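Student: I would like to learn how to read disulfides in a structure. Could you walk me through them?

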Amino acid sequence: MKQVIIILITFLMMTQGSALYAQDNGEFSWEMFLPAITAGHQFSCDNIAGCYSGSLTDNCGGESVTGTVGVSINTDCSFTGVSIFGVKFSGTITRKINNSYSGAGQTDANGCGSFTITCTNDASFLSCNYDYNNGGSGTIQNASEDQCMPANRFLTRSLAGSWSFTYEIISIFTDYYNLDINEVYEEPAGSGEYYIYDTNYYYGAGYDPGDNIYFLYDPGYPFDIFYSFTYTSTNQVAGCYYQYYYDTDTLSDCYPMSGERTSSGF
């Protein structure tokens, strides 16, 4: 299945172009790291170093979104993170007063830009507030290390739950899928590529960090079904429905698709 998925992603990139996956919120994958913290600071981030996952609320783009891998803080006080929309951010903690840490950060090119961040360390939890230069703001509440995981695994795992995908080919059709949170695997081991499956291991989905898209592959006859999409809100996605004819190695045109998560397994 993995080989077919890779072939399909390559085929999509060759035939449709990256513009296919552009969304109104405009997120895509690349990282902008700020310079190392100013030499000569007199405090350490050892006490808060680690990867924290919590509930993100972010209204910098005018619409509140939720869901994040959290924030990973290094011992040198640099930090990084990513949301389910694929927006990556990074920055540096530059000041500490008691249990409060503050610094500055930057999102990727199509995020909301520069921001200042303040995090409070409360034993096993970390809560952060940040303010964008454009007037927006966000929070990460009571983040812990309980679900800390690589970003690609987190983004793939975020697809867990029951989904309805609706598209139109002459008539309107709706397909239903259930992706099991307990069926997430790195394939091959050590590759950093993750896939999530149904309980019968029949169809699978994942996240492609190169193009910042999610996909679902459903084998069948005389054609396979392939979806590519991105989140438009926490439980809604939009993208394309394709029919892939493996006998002739051809892919249909994109049929616009909208999806909704009807129950969550995440």
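Tutor: Let us go through the disulfides one by one and then turn to a tyrosine. This is a predicted model, in which local features need pLDDT of at least 70 and side-chain atom pairs count only at pLDDT 80 or more, while totals for chains, interfaces and linings use all residues. Residues are numbered from 1 along each chain as its sequence is written, and side-chain values use heavy atoms, with hydrogens and water left out.

Student: What is a disulfide?

Tutor: In general, it is a covalent bond between the sulfur atoms of two cysteines. Here, a pair of cysteine sulfur atoms within 2.5 Å is taken as one.

Student: How many disulfides does this rule give?

Tutor: The count comes to 3 disulfides. One of them joins Cys45 to Cys77, with 2.0 Å from S to S.

Student: Where in the chain do Cys45 and Cys77 lie?

Tutor: They link distant parts of the chain, 32 residues apart. Cys45 is in the loop between α1 (2-15) and β1 (50-58), and Cys77 is in the loop between β3 (68-73) and β4 (78-83). The labels follow DSSP runs numbered from the N terminus: helices are H or I with at least four residues, and strands are E with at least two.

Student: Is the link of Cys45 and Cys77 right-handed or left-handed?

Tutor: It is right-handed, with 110° about the S-S bond.

Student: Which disulfide involves Cys119?

Tutor: Cys119 is joined to Cys128, with an S to S distance of 2.1 Å. The link of Cys119 and Cys128 is right-handed, at 105° about the S-S bond.

Student: And what about Cys240?

Tutor: Cys240 forms a disulfide with Cys254, at 2.0 Å from S to S. With -80° about the S-S bond, this link is left-handed. Cys240 lies in strand β17 (residues 236-245) and Cys254 in the loop between β18 (250-251) and β19 (255-264), so the pair ties together parts 14 residues apart in sequence.

Student: Which of these cysteines are buried?

Tutor: Buried means under 20% relative accessible area, exposed means over 50%, and partly exposed is in between (1.4 Å probe, protein chains only). Cys45 and Cys77 are both buried, and so are Cys119 and Cys128. Cys240 is buried because its relative accessible area is 3%, whereas Cys254 counts as partly exposed because its relative accessibility is 26%.

Student: Where does Tyr52 sit?

Tutor: Tyr52 is in strand β1, and it is buried because its relative accessible area is 5%. Tyr52 and Ser144 are 92 residues apart in sequence, but 4.8 Å apart in space, C-alpha to C-alpha.
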